[in-house]
Number of protein chains: 2
Amino acid sequence: VVRIPTSPVLASSVISELRQIVGAAHVLIDPDVTATYRTDWTGRFHSEPLPVVRPGSTVEVQEVVALANRIGFHVVPQGGNTGLVGGSIPTKRDSVIVSTSRLQWIDEPDLLSAQIVVGAGVRLATLQHALLGTGWMFGVDLGARDSCTIGGMVATNAGGITVVRHGMMRHQVLGIEAVLGDGSVISHLNGLEKDNTGYDLDGLLTGSEGTLAVMTRVLLKLRPSQLRTATAMLGFPTVDAAVSATALIRRSVPSLESLELMLPSGIELVGSAFGWEVPEGMAGQTVLLVEVAGAEKVEDELANVCDALGTVMTADPAVALSSSARASLWRWREAHTAAIATLGVPLKLDVSLPQKEIRHFIDAVFRLPAPARPIVFGHLGDGNLHVNFPACFPKSTSEAIAAETHDLEVRVLALVSLHGGSVSAEHGVGVAKTPYLSMTRSASEIDAFRRVKRALDPLGILNPGVIVASSGD
Amino acid sequence: VVRIPTSPVLASSVISELRQIVGAAHVLIDPDVTATYRTDWTGRFHSEPLPVVRPGSTVEVQEVVALANRIGFHVVPQGGNTGLVGGSIPTKRDSVIVSTSRLQWIDEPDLLSAQIVVGAGVRLATLQHALLGTGWMFGVDLGARDSCTIGGMVATNAGGITVVRHGMMRHQVLGIEAVLGDGSVISHLNGLEKDNTGYDLDGLLTGSEGTLAVMTRVLLKLRPSQLRTATAMLGFPTVDAAVSATALIRRSVPSLESLELMLPSGIELVGSAFGWEVPEGMAGQTVLLVEVAGAEKVEDELANVCDALGTVMTADPAVALSSSARASLWRWREAHTAAIATLGVPLKLDVSLPQKEIRHFIDAVFRLPAPARPIVFGHLGDGNLHVNFPACFPKSTSEAIAAETHDLEVRVLALVSLHGGSVSAEHGVGVAKTPYLSMTRSASEIDAFRRVKRALDPLGILNPGVIVASSGD
């Protein structure tokens, strides 16, 4: 296990050194001021009062990490703090949060190469805004776009609803500038789509959740904006039929952009929570929301696949072309989270399964003893399911309730493991899933993770509670 | 620098142990029998006589690597031996070639998940054959398809003519089973498209050129076969105009499959070498070969972009729909290598540049003093150029000629570095480019490569002459 050599109290002398590096205004120590940095937005993870440092340059990040190596304190990098697994909240008292909030550079997009270099602290919405009118867009989009940062999205290898088209964040990253755990700086921002010189450090840092490096800048690939988008809601009698249809759609719809799953229980909950009338023929059905984006007449691809699926579907598909009609279909999928929240704080799990196991896994989840009926939905096109048990964390949490919820979480993840899935599809490991990593990754793999960690962060400075934390941590 | 602890002669006792692991028939020691394994197909790289071991299972690979760690010899993994940079030919006498030729498993494709698991030794053509009629295809194709292996393609992160659509090998790999340098086995073949549990070892091993692990099995993503393909040849007055057109085509042609560059000197050479008549209007022009693949009427996308490019092009585009007409366009691009070979053995360099530097780089290459006019062509859509100087290696190689060719190679790679490019776009580093790695990667990056190498191959057993070799090696 990687261990920091000493465990100092963050003495005033250290604060003073941090102030010299980043300027006094950017070392926050007042507990009221640092409160928002020390609690994640789910409210499940929080840390004791500790300093928040906001470097304004790569050199300042490097100096902070070098100081951490010299003095012996932990560094927890933090972007928009919108993660769902606690990865940006310190687990140890001798920690400093390094916020990327001042790393706000945004270069002119290189429209010849379809690339852009942005600072780690740039918010997704800011990037999207900068690209408007260029003919290019960014390939990953998330509900948290106004808060989440590009650095955080790279660190967690974020996914979303267009992975079936563009892949995850790792597929958008062409290069990274970062400060490794030992304080050395690497920079690979020369703007190349192909570069087979050496190991793929960019891909390795993507998804490393702040445990190997503090990212400072990223070179991102851009995708062509599409002229025309069409959306359809298709109803099926069973999950099995929807999974088969998913394979056909992926195979025969070249312009496929999204392929999302909803189940009868989720549609019913959304309808009753918001008083919406379920689209005709979709009540009680397993529903796929399918979106295509491309050149003119892209909706023909949808029409063709609906013809091919004809007898399998339980009703005529609802097809939408205008943005308002499309939104009226998408709201059913997007309102799942809010509808679940109307029942109380849910247990939320983000898992992936091989397609052939999805039906069996969903059946098994619905058979589990639980305080509420599960709501399962997600990105079926990539085998990613969001499993929610509503109202598992009542406001007046008792220890018994916490134990029951923990037990339910373990049971669901055991089912994931049994069916060959992953305990984290797109949310990452963070603090929340680190104890469960060994359910789906082998001892050899975890040992390899630890050896890679030690190679790039020899003293174990960065984010010690995440991924490679020993069970004793 | 990582060093093997001892440097033993491969004594008969070691041969005997290897025979016990893989069976006597699969330890080849006769120099005549091992000759084809010890020389690469370019003829530039060869090793002294040494044993070739052909394990038949992952366990046998593991036992061979464990023996190498115990006794202290080097292991050089070898697939189809079709690489262009010498990465599969040992550089040290105390080496054993581990051939993947018996790792020939090919599972039934999983048509629900669009995935397939294959052994590292499976040839690309075998995989292509297995997928015929399934509606799915593999996303990377190469001229060496009858010889190259999937393991070798993953190890070198192979590219080819469809990277602009599907990405390189790294984008096709969903999981890897491999024996790491220390002899531990990792396996991540559960069939998931999304799995954010831990570091991306799959991506790290992809492109590691046999220096971190011996791959035994790979889980590959499949791509939908397309119904219809169309190809066009477009002529431009300058490289600059072709680069601008490339950006427009990438932005506005959703079904873009390939985007290749040819220059007047290459077209002229191909025409004269094979007695072909240059397609109308293309003589003396900078030519783009553009292919689209998609649903019915995909050629409309080509027609639209040709309309948009109208006044920039120097002639009417040649558009081909039938496979014979398409082949008559493609042969101009594909025959470049053979036409260059008619002049003698060329100096071949595979480099990438930012799009905005391509014109300046090509201008500079044509101004270099050289024994023959350069022929430059390649995958312009991804900024990848193949720079060839014909007849640089005459059969009767004198030392003076070798020095002159070496000098030319250094000058071209210095230009690559000056223009922010990479000394290897898709061929890898191998033995050939290891000395030049520091021209485009920083000392910090190379140091990080070495630390990763040491983490997964602590004794430096695997492929010691490649990527992380010290200058003293």
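The legends below describe close-up views of a predicted model.

**View 1. An open sheet of four strands in chain A.** Strands of a sheet pair through backbone hydrogen bonds, and they may do so in either a parallel or an antiparallel manner. In chain A, the order across the open sheet is β5-β9-β7-β8, and the pairing is antiparallel. Because β5 (115-119) and β8 (185-187) of chain A each have a single partner strand, they stand at the edges, and one side of each is left without a neighbour in the sheet. From one strand to the next, the twist averages 15 degrees.

**View 2. The pairing of β7 and β9 in chain A.** Strand β7 of chain A, which covers residues 173-180, is joined to strand β9 of chain A, residues 213-221, by seven bridges in the antiparallel sense. As one example to follow in the view, A:Val173 has A:Leu220 in β9(A) as its bridge partner.

**View 3. The relation between chain A and chain B.** Two copies of a chain are related by a rotation about an axis together with a shift along it. The same surface serves both copies, since 100% of the contact residues of chain A recur in chain B.

**View 4. The area buried between chain A and chain B.** The size of an interface is often given as the accessible area that is lost when the parts come together. Between chain A and chain B this buried area is about 6,700 Å², and carbon and sulfur atoms give 56% of it. On the side of chain A, the residues that lose the most area to chain B are A:Lys194, A:Asn196 and A:Tyr199, which together account for 16% of what that side buries. The contact as a whole takes 88 residues from chain A and 88 residues from chain B.

**View 5. Salt bridges and polar contacts across the interface of chain A and chain B.** The rule finds 14 salt bridges across this interface, and it also finds 38 residue pairs in polar contact. One salt bridge links A:Asp200 to B:Arg170, with the closest N and O atoms 3.2 Å apart. Among the elements of chain A that each supply at least two residues of the side touching chain B are β8, α7 (201-205), α8 (239-252) and α13 (355-367). The most is given by α17(A), with nine residues on the side of chain A that touches chain B.

Methods. Residues numbered from 1 in each chain as written. Chains lettered and ligands numbered in written order. Predicted model: local features only at pLDDT ≥ 70, side-chain atom pairs only at ≥ 80, totals over all residues. Heavy atoms only, no water. Pairing = 2+ DSSP bridges. Axes fitted to C-alpha atoms, helices over the stretch in contact; angles between N-to-C directions. Least-squares fit on C-alpha atoms with pLDDT ≥ 70 in both. Contact = heavy atoms within 4.5 Å. Buried area = accessible area lost by both parts, 1.4 Å probe. Salt bridge = Lys/Arg side-chain N within 4 Å of Asp/Glu carboxyl O. Polar contact = N/O pair within 3.5 Å; in protein donor to acceptor, adjacent residues only side chain to side chain.
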